[in-house]
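This report goes through a few features of the structure shown here. Please keep the sequence and the model in view while reading.

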Amino acid sequence: MGMPVIEPGHGSRSQAITDLIQSVALQEAALSHILNAEGEKMQKIIGQHDVSPEELLKLNKSVQSMLNAVTRLEMIFLAKLELFEDENPDT
């Protein structure tokens, strides 16, 4: 999967809003891939027969840290989208 290309807009406010929504959608897709990889890592470690409680605690801390980072990013994405929440789509 290559990097998506976002074409520059025509300078209108409507195009800027569209570009912002598109960028948030791409960021959401990237986060979903990160979370999926985190889940696969968890399954691999948990599935080991000789995994120690210490390793599981380390895994838990890692996952918690990742989820906290993703939550912060989601709040930023929401704030971006809320900038245009009350906008008239015809402007």
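Helices are DSSP runs of H or I with at least four residues, numbered from the N terminus. E38 lies in one of them, helix α1.

## Basis of the values

This is a predicted model, in which local features need pLDDT of at least 70 and side-chain atom pairs count only at pLDDT 80 or more, while totals for chains, interfaces and linings use all residues. Residues are numbered from 1 along each chain as its sequence is written, and side-chain values use heavy atoms, with hydrogens and water left out.

## Helix α2

Helix α2 covers residues 53-82. The expected span of a helix is 1.5 Å times one less than its number of residues.

L59, V63, V70 and F77 of α2 are buried (under 20% relative accessible area with a 1.4 Å probe, protein chains only; exposed is over 50%, partly exposed in between). The buried residues of α2 pack against α1, residues 13-46.

E38 counts as buried because its relative accessibility is 10%. Apart from neighbours within four places in sequence, E38 is in contact (heavy atoms within 4.5 Å) with S62, V63 and M66.

A salt bridge needs a side-chain nitrogen of Lys or Arg within 4 Å of a carboxyl oxygen of Asp or Glu. The count by this rule is 1. The side chains of E38 and K41 form a salt bridge, at 3.2 Å from N to O. K41 has 32% relative accessibility and so counts as partly exposed. E38 and K41 are 3 residues apart in helix α1, which means that about one helical turn separates them.

Definitions and conventions:
Helix = DSSP H or I, 4+ residues; strand = E, 2+ residues; numbered from the N terminus.
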